[in-house]
Amino acid sequence: KKQRPRRAPRGSEDGCMGAAASDGRDPDAKYAQPLWTSAISGTVGGAVGVVVGYPFECVKVRLQTGNRERLFSSLFAGIAAPLVGVTPQWALMYWAYFASQASLDRYFGKASDDTLGAVVARG
């Protein structure tokens with residue numbers, strides 16, 4: 001039986017495989033990106049979550065405390081403390097999640113290998 005030639009991965013024709021292929025890791029692995037990208041993603045996600053959610057929290061607290069004369073004024077007053085506290089927390093959580101997923105990929109194989117042990121270990 002004649003086998004078809006293996007097709008080159010997408011993007012390899014022009015040498016644009018990206019960082020995942022150039023550093024020796026499997027480019028097909030689900031968690032093949034560098035870990036600093038997950039920390040950046042967590043930082044941006046945490047900051048956006050605080051900026052979007054803080055005005056709602058501010059209005060809720062003002063309604064609960066009975067301070068209704070300033071209900072919608074200065075909704076972003078005091079946002080610096082949550083940004084400083086929550087943003088690094090999200091960066092660390094994203095980094096830890098992707099680092100653990102990458103180590104589980106090395107232990108159990110690719111993320112597409114959905115054996116029962118791999119699925120249970122990954123959560």
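User: What is the mean pLDDT of the protein, and what share of its residues reach 70 or more?
Analyst: The mean pLDDT is 77, and 63% of the residues reach 70 or more. The term pLDDT stands for the predictor's confidence in each residue, from 0 to 100. This is a predicted model, in which local features need pLDDT of at least 70 and side-chain atom pairs count only at pLDDT 80 or more, while totals for chains, interfaces and linings use all residues. Residues are numbered from 1 along each chain as its sequence is written, and side-chain values use heavy atoms, with hydrogens and water left out.

User: What percentage of the residues is buried?
Analyst: Buried residues make up 22% of the 123 residues. Buried means under 20% relative accessible area, exposed means over 50%, and partly exposed lies in between, with a 1.4 Å probe and protein chains only.

User: What about the surface: how much of it belongs to carbon and sulfur atoms?
Analyst: Carbon and sulfur atoms account for 63% of an accessible surface of about 9,100 Å². Such areas come from the Shrake-Rupley method with a 1.4 Å probe; for residues, only the protein chains shown count as cover.

User: Which residues make the nonpolar surface patch?
Analyst: Trp36, Ile40, Val44, Val48, Val52 and Phe56 make a nonpolar patch of about 670 Å². Patches are made of residues with over 30% relative accessible area and no salt bridge; like charges are joined within 9 Å, and nonpolar side chains (Val, Leu, Ile, Met, Phe, Trp, Tyr) within 5 Å. Phe56 lies in helix α2 and is exposed, with a relative accessible area of 63%.

User: And Ser38, buried or exposed?
Analyst: Ser38 is buried, because its relative accessible area is 2%. Ser38 also belongs to helix α2. Not counting residues up to four places away in sequence, Ser38 touches Tyr94, Trp95 and Phe98.

User: How many salt bridges does the structure hold?
Analyst: The structure holds one salt bridge, a term for a side-chain nitrogen of Lys or Arg within 4 Å of a carboxyl oxygen of Asp or Glu. Lys60 forms the bridge with Glu57, and the closest N and O atoms are 3.1 Å apart.

User: Where do Lys60 and Glu57 lie?
Analyst: Both lie in helix α2, three residues apart, which is about one turn of the helix. Lys60 is partly exposed at 37% relative accessible area, and Glu57 is partly exposed at 39%.

User: Now the rings: how many aromatic pairs are there?
Analyst: The count comes to two aromatic pairs. Trp90 and Tyr94 form an edge-to-face pair, 6.0 Å centre to centre with 65° between the planes. Rings of Phe, Tyr and Trp (its six-membered ring) pair if their centres lie within 6.5 Å; planes under 30 degrees apart count as stacked, over 60 as edge-to-face and the rest as tilted. Trp90 and Tyr94 are separated by about one helical turn, because they are four residues apart in helix α3. The rings of Tyr97 and Phe98 have centres 5.4 Å apart and planes at 90°, so this pair is edge-to-face.

User: How far apart are Ala96 and Leu35, in sequence and in space?
Analyst: Ala96 and Leu35 are 61 residues apart in sequence and 8.9 Å apart in space, C-alpha to C-alpha. Ala96 lies in helix α3 (residues 80-108) and counts as partly exposed, at 36% relative accessibility.

User: Last one: where is Ser74 found?
Analyst: Ser74 is found in the loop between α2 (35-65) and α3. Ser74 has a positive phi of about 45° although it is not a glycine.

Conventions
Helices (H or I, at least four residues) and strands (E, at least two) are DSSP runs, numbered from the N terminus. Contact means heavy atoms within 4.5 Å.
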